[in-house]
Amino acid sequence: MNYHIDTGLIIEKFNVDCECPLCEIKKVVEEQFLHEFLNDAVMEDNTRIKVGKLGFCDRHFDMLFSRQNKLSVALQIRTRLNVLSQGITELKTLKGAKKQAEYLEKANQTCAICDLTDESMVKYYKTIAQMFAKEKDFYKTLIASKGFCMHHYAMLLKYASSASVFAKNYVNILSGVQMRAIERIDADLKKFCDKHDYRNANEPLGSAETALPRIRTKLYGKKYD
């Protein structure tokens, strides 16, 4: 079958004990782009043009800056600064100030690495749907998972049509997996809250001990440094 991407990473991350295998996949994809932007890509014209136009979000700037190749970061950020500064001019009217504010606000919402990561993740959403349609045992992998963060669950639903004639069955299984995951983590949250009642002081927390970090992932996605 003609997949959009290599399926090995999908199988690997769906077998990880986690609240969202797509977050685990995204981390790998993100790391690949961070590596590229700190190495050979920095000298490519297309990369410099893209960085000049989009820059980096604060999170990806911090991730790039935390690594060894500071020169690559400096070269690319200087390119971005030169492009950005073209829209900063001396102001003489409130109308001009408003226009410049809108320009800077919009400019601060773009990121080259975010764009590339999002584009790559779309291929994963589509390929997962294709795997459901074409690989007879993949549905078992889906059912055995602990669900997804809300964002990645929404994206899987958005691209569910890639499962073709199996799309309705696909979304039915996805929704069942997600509902069970929510019920499971809600039960742990309840147990965590109940533990703070003095009458339950001696009750073991068990899996409820990690309920808050896990609900953080389920609601907002996994946080990586």
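This is a predicted model: local features need pLDDT of at least 70, side-chain atom pairs count only at pLDDT 80 or more; totals for chains, interfaces and linings use all residues.
Is Arg-67 buried, partly exposed or exposed? I looked it up first: Arg-67 counts as partly exposed, at 25% relative accessibility.

**Arg-67 and its partner**

I then checked what Arg-67 holds on to. Arg-67 makes a salt bridge with Glu-31, and the closest N and O atoms are 2.8 Å apart. Arg-67 sits in the loop between α4 (58-65) and α5 (70-85) while Glu-31 is in helix α2, so the pair ties together parts 36 residues apart in sequence. Glu-31 is partly exposed as well, with a relative accessible area of 25%.

I searched the whole structure and got twelve salt bridges. One of them joins the side chains of Glu-19 and Arg-214, at 3.4 Å from N to O. This pair links distant parts of the chain: Glu-19 is in the loop between α1 (8-14) and α2, Arg-214 is in helix α11, and 195 residues separate them. Both Glu-19 and Arg-214 are buried.

I also looked at Lys-222, whose side chain meets that of Glu-24 in a salt bridge (3.0 Å, N to O). Here too distant parts of the chain are linked, with Lys-222 in the segment after α11 and Glu-24 in helix α2, 198 residues apart. Lys-222 counts as partly exposed at 39% relative accessibility, whereas Glu-24 is buried at 11%.

Salt bridges with shared partners join Glu-19, Arg-184, Asp-188, Arg-214 and Lys-218 into one network.

**Cysteines**

How many disulfides are there? I count zero disulfides. Cys-23 is in none, and its nearest cysteine sulfur, that of Cys-20, is 3.7 Å away. Cys-23 is buried, at 4% relative accessibility. Cys-111 is in no disulfide either; the nearest cysteine sulfur belongs to Cys-114 and is 3.7 Å away. Cys-111 is buried, with a relative accessible area of 3%.

**Surface patches**

Which residues form the negative surface patch? I found Glu-36, Asp-40, Glu-44 and Asp-45 there. Of these I looked up Glu-44, which is in the loop between α2 (21-38) and α3 (45-54). Glu-44 is partly exposed, with a relative accessible area of 42%.

I noted a nonpolar patch too: Met-150, Ile-182, Leu-219 and Tyr-220 make about 390 Å² of surface. Leu-219 lies in helix α11 (residues 211-220) and is partly exposed, with a relative accessible area of 40%.

Notes: Residues are numbered from 1 along each chain as its sequence is written. Side-chain values use heavy atoms; hydrogens and water are left out. Patches are made of residues with over 30% relative accessible area and no salt bridge: like charges are joined within 9 Å, nonpolar side chains (Val, Leu, Ile, Met, Phe, Trp, Tyr) within 5 Å. Accessible areas come from the Shrake-Rupley method with a 1.4 Å probe; for residues, only the protein chains shown count as cover. A salt bridge is a side-chain nitrogen of Lys or Arg within 4 Å of a carboxyl oxygen of Asp or Glu. Lys and Arg count as positive and Asp and Glu as negative; His and the chain ends are not counted. The place of a charge is taken as NZ of Lys, CZ of Arg, CG of Asp or CD of Glu. Helices (H or I, at least four residues) and strands (E, at least two) are DSSP runs, numbered from the N terminus. Buried means under 20% relative accessible area, exposed over 50%, partly exposed in between (1.4 Å probe, protein chains only). A disulfide is a pair of cysteine sulfur atoms within 2.5 Å.
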